[in-house]
Amino acid sequence: MEQLNHFFQSLKSKQTPVFVISFLLLCLFLIFQLYYTTNEPSLPPAIAKTIKRILTVRAAGIDYSKYTKPPFNLPSPNGDSDTKYDSETISRANTLGGYVQKHLPYLQGKFSSHPEYIDPFSAVIWDVAIEGTGADPYNWNCQDIQGSSNNVNNGCPNGYSSGGWQVNGIQVSQAASHLAADFQEVYGKTDGATVKSVGDKIIGGSSSPKITNPSSFPSTDLQTIISTNTVESRQLMAILLMDPELGAVAISQEVAGDISGTGNWVSAMSGWGSYYSGNMQTFSNRAKYLADNYNGTVTGGSGATTGGGSYSLDLILKPLSKDSYVLNMATAQAIGGGSGGSGQGAPPGSANGQCTPTGAPPTDPGAELLSKYKITTQGFSSEGVINVYDLFTCLSSSRVPSLLGKTDIVIHNDVRPNNAGIGMSCDAGCGIWIPEGTNAFKFILTHELGHVLYYTNSPEVMHYADAENAWSSEGGLSPYSGPYYAGQGNCPTQGAVEDYAEMVAYYLNPTLGGKTGACDSRDNPKNSLFEDTHFPLHLNAAKQVL
Amino acid sequence: MPNKRLLFLLALVLIIVIFIILVLISGVRGNNSDQVPIPTPTILPGGTSTQQKINPVQKTVIENTTQREVQTLPGLENKITLSNGEIMYTFKSPLISRKNEVLVKDNMAVFERVLVPESSKNPGHLLISDYEKTYGQPQQIIRGSHFYGNLMRTYIYADKGFAFIANPFTGDVFEVHIFVPTSVDSYIQTYGEDVNKNAPDGES
């Protein structure tokens with residue numbers, strides 16, 4: 001004891017309070033550990049087990065505010081949920097999240113750069129609040145047969161790659177690339193016997209309808225099933241995805257994959273169509289309700305659970321057709337300049353509505369475009385060529401001409417190949433596809449021109465970092481170019497690359513307010529750069545470039 | 001009871017030993033400056049190892065720079081412990097929404113993402129041709145970047161332990177990834193979160 005006193009005394013004399021505190025904390029910790037380990041065995045096993053169980057039961061409710069922030073970005077809840085989920089749905093939601101939690105190391109390992117994209121409750125939000133599957137693992141739909149089917153026994157002979165075939169909120173085709181690894185993670189092997197055992201359990205647990213296609217699961221190893229890639233083998237994959245644990249692992253990855261596109265979940269979803277972009281507030285209100293009742297506790301073991309069950313949701317399932325945004329982006333409007341903005345600070349002679357080139361057009365405007373800007377028009381009427389020529393004439397006193405000429409540009413009077421809508425691409429040269437007569441032709445053409453400039457000039461010349469940081473700080477210049485838009489609720493679809501093109505379009509059309517993309521529901525949008533005070537960093541970046 | 005007392009005394013001895021070690025460690029740290037020098041190993045002929053600088057602004061040498069060294073690198077902004085025990089350090093970069101990163105595993109840096117300065121005058125600014133001159137052609141080039149755009153490309157030298165994302169039309173490199181040499185598929189699976197193989201062939 002005397003030695004101990006001396007030890008503490010010496011510590012005191014050295015005046016090292018941090019070490020003393022650390023030392024005491026360490027002592028407390030070790031003594032607690034010592035007490036625990038020496039006393040626990042003395043508890044009767046039944047009591048010890050009960051205590052353990054009590055400790056592992058989690059109280060319902062989680063902090064939902066996390067999901068209103070990056071990378072999820074759902075709007076803050078505003079009002080009650082329009083759907084009150086029943087206890088069965090809540091239980092399945094908890095099981096779904098619980099299984100994601102169980103496999104967190106595996107899942108986060110797959111997203112090691114952004115482990116935060118893997119989140120148990122986000123899988124619940126997706127399945128229950130957004131897709132409306134009720135987290136029912138047997139929820140199945142194929143929108144490609146008979147005008148849509150919800151009967152698994154019909155199979156989905158044509159829908160594999162269309163995005164219209166889902167099991168409990170996940171596309172079968174999307175899950176194919178990681179299904180074997182997921183199965184290995186959940187069941188430890190992928191051999192025929194194990195796969196059959198899991199598949200038969202799912203079939204046996206089905207009820208409404210009872211799965212009869214197939215009536216029993218074949219004893220085939222999973223790699224073979226996946227690589228066979230026939231209608232029958234795909235049906236087997238769909239059935240395996242009905243396994244609650246396997247399905248949870250797959251769903252979580254898909255949500256994370258969707259987030260990883262832009263680092264913004266809402267941004268990604270809003271590009272998939274109006275069901276998503278138009279219902280974010282509703283989704284968030286539902287998700288809040290779920291969050292208040294969520295505890296992430298798995299009910300039942302792995303394998304199929306109770307079957308179809310009943311739940312009262314009135315959501316309409318929509319396929320995840322992520323390609324649809326390409327077509328959506330073909331829509332755009334230029335609306336006449338809000339409240340008569342002055343275009344203050346606009347580039348001289350810019351392509352605003354007031355720019356009317358003086359004098360008669362040249363005899364061959366196409367040749368002028370080619371010689372001055374290395375631009376060729378293809379398929380336009382003579383009037384269309386003059387329109388394009390007028391646009392570039394208006395831009396002649398900006399920096400645009402000096403930014404052109406790095407590559408040949410062909411402007412096509414057409415949409416992109418494969419009916420991919422208005423847009424641009426570059427290879428040996430660059431192409432812009434925009435049909436003559438498109439609403440807001442000049443605005444959209446300058447938007448696509450913005451993409452071309454971005455790809456054909458160095459980041460230094462294009463002040464890419466300034467523009468990107470403006471996007472990060474101020475949000476998108478329009479709802480189209482998120483991550484959020486200051487003027488209204490979330491309706492973002494794209495990212496900094498689209499925002500760059502929007503910046504070019506707004507700057508070169510200073511008296512026009514532009515609407516890009518179907519998700520933009522503004523009635524009379526202002527010019528974000530010149531008639532809106534939210535975007536000083538954007539305006540500064542645009543001035544540097546253009 | 002006597003056993004308990006003995007255990008208590010043993011624990012106390014253990015505590016004291018740990019405490020002394022802590023004091024010694026802190027003493028050593030106190031003698032160092034805040035800045036731990038970054039190793040500058042010799043570039044190997046043929047450039048086939050990550051024990052070298054792939055880019056002048058590279059912060060670490062993979063499997064050489066320790067966690068302690070990573071922690072003292074300038075610009076450290078955040079530290080995230082992953083569920084698998086690996087630690088992700090994020091550092092200030094030229095872009096607000098895309099940070100420099102160093103992943104530490106078993107006390108060693110195993111992955112680094114470093115954004116290349118935009119200015120061509122900065123010594124860290126390199127072009128695709130600079131890499132091709134030194135290291136030859138990449139094993140694979142993949143079009144489609146989630147962050148930089150559908151037409152940007154990832155140039156993968158997985159067997160040499162690095163990859164970079166660049167603009168094929170201007171030659172500018174946006175960011176460089178340095179990692180333990182591996183296969184192309186493994187790189188894509190492990191660190192290729194930005195690779196967007198399904199990107200449309202253009203922008204809308």
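Trainee: How are helix 21 of chain A and helix 22 of chain A oriented to each other: roughly parallel or roughly perpendicular?
Mentor: Bear in mind that this is a predicted model. Helix 21 (residues 464-474) of chain A packs on helix 22 (residues 496-508) of chain A at an angle of about 105 degrees. Angles of 65 to 115 degrees count as roughly perpendicular, so helix 21 and helix 22 of chain A are roughly perpendicular to each other.

Trainee: And how many Å apart are their axes?
Mentor: The axes of helix 21 and helix 22 of chain A are 10 Å apart.

Trainee: Which residues make the contact?
Mentor: Helix 21 of chain A brings A467(A), E468(A) and W471(A), and helix 22 of chain A brings A496(A), D499(A), Y500(A) and M503(A). By class, that contact has five nonpolar residues, two charged and no polar ones.

Trainee: Moving on to the largest nonpolar core. Which of its residues touch the most other members?
Mentor: I432(A), V452(A), M503(A), V504(A) and F164(B), out of 96 residues in that core. Helix 22 of chain A gives the most to this core, with 10 residues.

Trainee: What does V452(A) touch?
Mentor: Leaving out residues up to four places away in sequence, V452(A) touches I409(A), M424(A), C426(A), C430(A) and I432(A).

Trainee: What other core lies apart from the largest one?
Mentor: Another core, of 73 residues, lies apart from it; A135(A), F217(A), M242(A) and A248(A) are among its members.

Trainee: Now the backbone. Where is there a cis peptide bond?
Mentor: One joins S208(A) and P209(A), with omega about 5 degrees. Another joins N213(A) and P214(A), with omega about 0 degrees. P209(A) sits in the loop between helix 8 (192-205) and helix 9 (222-228) of chain A, and P214(A) is also in the loop between helix 8 and helix 9.

Trainee: Which residue other than glycine has a positive phi?
Mentor: K374(A) has phi near 60 degrees. K374(A) is in the loop between helix 16 (365-373) and strand 5 (375-378) of chain A. In chain B, N107(B) has a positive phi of about 75 degrees and is not a glycine either. The loop holding N107(B) runs between strand 3 (98-105) and strand 4 (108-115) of chain B.

Trainee: Why does K374(A) count as partly exposed?
Mentor: Because K374(A) has 16 C-beta neighbours inside 10 Å; a residue is exposed at 12 or fewer and buried at 20 or more.

Trainee: And N107(B), buried or exposed?
Mentor: Exposed, because N107(B) has 10 other C-beta atoms within 10 Å.

Technical notes
Residues are numbered from 1 along each chain as its sequence is written. Chains are lettered from A and ligands numbered from 1 in the order in which they are written. This is a predicted model: local features need pLDDT of at least 70, side-chain atom pairs count only at pLDDT 80 or more; totals for chains, interfaces and linings use all residues. Axes are lines fitted to C-alpha atoms, for helices over the stretch in contact, and angles run from 0 to 180 degrees between N-to-C directions. Helices (H or I, at least four residues) and strands (E, at least two) are DSSP runs, numbered from the N terminus. Angles under 35 degrees count as roughly parallel, over 145 as roughly antiparallel, 65 to 115 as roughly perpendicular and the rest as oblique. Two residues are in contact if their C-beta atoms, placed from the backbone, lie within 7 Å. Ala, Val, Leu, Ile, Met, Phe, Trp, Tyr, Cys and Pro count as nonpolar, Asp, Glu, Lys and Arg as charged, and the others, Gly among them, as polar. A nonpolar core is a set of buried Ala, Val, Leu, Ile, Met, Phe, Trp, Tyr and Cys residues joined through C-beta atoms within 7 Å.
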